[in-house]
Amino acid sequence: MGIDDGKAMTRAVHLAGKGRGSTHPNPMVGAVLVKEGRIIGEGWHSSPGKLHAEILAIENAGYEAAGSTMYVNLEPCCHFGRTPPCTDAITGAGVKRVVVACLDTNPKVSGKGIEALRSKGVEVVTGVGESRALELNRAYFYFAAAGRPYVTLKLASSLDGRIATSSGHSRWITGEVSRRAVHHLRAQVDGVLVGAGTVLADDPHLTARDVGAKVQPVRIVLDPALKTPLEAKLVRAAEDRKTLLIVDKSVADSVTEPFREHGVRFIELPLRDGLFSWQDVYGALLKNGVIHLLVEGGSRTAAWFVGEGAVRRLEIFFAPSLLGGDAVPSIGDLMLNNLKNAPGFRPVRWRRSGGDLRLVADKV
């Protein structure tokens, strides 16, 4: 018995995932060509400017592509960008049927790719494996629809929601398996952000280490008063131009210059009532290529992002311990006076993470 639609699409989604962390700002796409029940060609998009998955699958199949079925996790493009339209290549190769998991929300494509194929007599089926495909490119879809970065908030806490003892001791609440999982999260995003307090307390690297990351994320510090020390690991590593400090625009050039000499880049924004505006922050992040942001800050930074309504996904690692009421909470004060105003999240999955528990939840 040959490969069916479901299995072929599962393979296409798997191939698409090979581009995780390296396709920005493009989505992850995988394509599989099937003929007479067997796979004759495969491809996946590796990075911007490189051939798209559909083209690679066709090249891989050669002359056998004629009369075949293509499985692709995202609607094929129909416009000229860095590469020619994939729809032209598909029809030109004689592919007779295309199975698409989900439509592209990019206005340049959105439904037009399907229409272009059908206008050339290609049978198109949509919705096969849609949920997996939507999950894979959730940051891309959100950015395309909302024009804002997709924000994932990572928390590592005790069972009672505490991230440090009353004295500030926090290393390590969760175990090695959970810490490694965080490195995998970093490898999937464009930027990792913390507050200045986390830099002062923990002096983090904010890199994806030992997980095969193809591209390291931008390291970002929300630091209005520029409290980050010159000796910080983030500053010492800034020769790669991937350390960004977001500061109040009134911070003097004489203060920032020593950091710039190390390669640190600055985003200078106005403060409003002592706080940055999320709109100003995300506009600056987008200019710096960040459409998927991982926030790993302390309780104040977490509360600011939640309060701004910016957080789309929670990744919470719970250690099997209790720290009590005087310990530092994972989320600072949200100034709520009614439960109805509490930000809501929908659990996506629970799983073991070594000796810890890992909860993934999406904004309602």
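In the predicted model, the largest nonpolar core comprises 39 residues. Met9, Leu33, Met70, Tyr71, Ile90, Val95 and Val98 have the most contacts inside this core. Two or more residues each are contributed by helix 1 (5–16), helix 2 (53–61), helix 4 (112–119), helix 5 (130–136) and helix 6 (138–146), and likewise by strand 1 (30–35), strand 3 (69–74) and strand 4 (97–102). Helix 1 gives the most, with six residues.

With neighbours within four places in sequence left aside, Leu33 is in contact with Arg38, Ile39, Ile40, Gly41, Ala57, Ile58, Ala61, Ala65, Ser68, Thr69, Met70 and Val95. Met70 and Val95 are, like Leu33, among the residues with the most contacts inside the largest core.

Helix 12 (residues 299–307) is mostly covered, with seven of its nine residues buried. The buried positions are Ser299, Thr301, Ala302, Ala303, Trp304, Phe305 and Val306. Gly309, which follows helix 12, has a positive phi, near 70°.

Nonpolar side chains also occur on the surface. Leu159, Leu322, Trp350 and Leu357 form a nonpolar patch there, and together they have about 450 Å² of accessible area. Leu322 is located in the loop between strand 13 (311–319) and strand 14 (328–329). The relative accessible area of Leu322 is 66%, and this residue is therefore classed as exposed. In soluble globular proteins, by contrast, nonpolar side chains tend to be buried together.

Key:
Residues are numbered from 1 along each chain as its sequence is written. This is a predicted model: local features need pLDDT of at least 70, side-chain atom pairs count only at pLDDT 80 or more; totals for chains, interfaces and linings use all residues. Side-chain values use heavy atoms; hydrogens and water are left out. Patches are made of residues with over 30% relative accessible area and no salt bridge: like charges are joined within 9 Å, nonpolar side chains (Val, Leu, Ile, Met, Phe, Trp, Tyr) within 5 Å. Accessible areas come from the Shrake-Rupley method with a 1.4 Å probe; for residues, only the protein chains shown count as cover. A salt bridge is a side-chain nitrogen of Lys or Arg within 4 Å of a carboxyl oxygen of Asp or Glu. Helices (H or I, at least four residues) and strands (E, at least two) are DSSP runs, numbered from the N terminus. Buried means under 20% relative accessible area, exposed over 50%, partly exposed in between (1.4 Å probe, protein chains only). A nonpolar core is a set of buried Ala, Val, Leu, Ile, Met, Phe, Trp, Tyr and Cys residues joined through side-chain atoms within 4.5 Å. Contact means heavy atoms within 4.5 Å.
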